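Let's walk through this one together, feature by feature. Have the viewer open and ask as you go.

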Amino acid sequence: MRSVLIAFALSLSATAGVADISWHADQMGVGSVMVMKDPTGVVTHIKRDARAGEHAFDMFRGEGRDAAFLGSYTTNARGEVTRTVASDGAVTLYSPHRCTRTLGECSFQVTHADGFVEPRTRVTRAVRNGLQYQEFGLNGLVAEGGLKLDQIGAASEAWHQDAGRKKRRTKRVLFALK
């Protein structure tokens, strides 16, 4: 009987220890702003819309009126990217989503603007204050990185490295919620 109670207690503590790495974009009102800085400059993310559990963000290179439009992205309620649109209008779809906020191994399909469908797998693990990931495509490792998350799951710091390229670090320098 004692071993059953110990096993039950351990199962409860294991469940309680599961990290929530989702991005609670619903806690950001329309017009909320995140400004991220990396070695190439500043990227501003502005929440444009929220409806039916989807959240749309626009991205700009720079700040203020002179910022150049880079494109937009849509997330689901957990902050999983489902669609990106480049500044030239090219649409990329992620089905069922990009797996950016799913712990463990998660497979998805990328439908590129030219119609090419590419299978991908992302392996994400929780680490202290955030997550780390590796993403694999047709030819093996595509990218890896990590995020430090704030109280709503938004990235406050990050690093990303495409296969064969130099590691890039970003840090949030402004977060204005509406």
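**Reading the fold and its links**

Q: What order do the elements of the protein chain run in, from the N terminus on?

A: Helices (H or I, at least four residues) and strands (E, at least two) are DSSP runs, numbered from the N terminus. Here the order is α-β-β-β-β-β-β-β-β-β-β-β-β, so to speak 1 helix and 12 strands. Before going on: this is a predicted model, where local features need pLDDT of at least 70 and side-chain atom pairs count only at pLDDT 80 or more, while totals for chains, interfaces and linings use all residues. Residues are numbered from 1 along each chain as its sequence is written, and side-chain values use heavy atoms, with hydrogens and water left out.

Q: How many disulfides does the count come to?

A: A disulfide is a covalent bond between the sulfur atoms of two cysteines. The rule asks for a pair of cysteine sulfur atoms within 2.5 Å, and the count comes to 1. Cys99 and Cys106 form it, with their sulfur atoms 2.1 Å apart. The link of Cys99 and Cys106 is left-handed, with -55° about the S-S bond.

Q: Is Cys99 buried or exposed?

A: Buried means under 20% relative accessible area, exposed over 50%, and partly exposed in between (1.4 Å probe, protein chains only). Cys99 has a relative accessible area of 0%, so Cys99 is buried. Cys106 is buried too, at 10%. Across the protein chain, buried residues make up 38% of the 178 residues.

Q: Which residue does Arg98 form a salt bridge with?

A: Side chains of opposite charge can pair when their charged atoms come close. The cut-off is a side-chain nitrogen of Lys or Arg within 4 Å of a carboxyl oxygen of Asp or Glu. Arg98 pairs with Glu135, the closest N and O atoms being 3.6 Å apart. Because Arg98 lies in the loop between β6 and β7 (104-111) and Glu135 in strand β9 (residues 130-137), the pair ties together parts that are 37 residues apart in sequence. Arg98 is partly exposed at 25%, whereas Glu135 is buried at 2%. Both belong to a network of salt bridges that links Arg98, Glu118, Arg120, Arg122 and Glu135.

Q: How many salt bridges does the count come to?

A: The count comes to 10. Among them is Arg48 with Asp58, the closest N and O atoms being 3.0 Å apart. That pair links distant parts of the chain, with Arg48 in strand β2 (residues 41-51) and Asp58 in strand β3 (residues 54-61).
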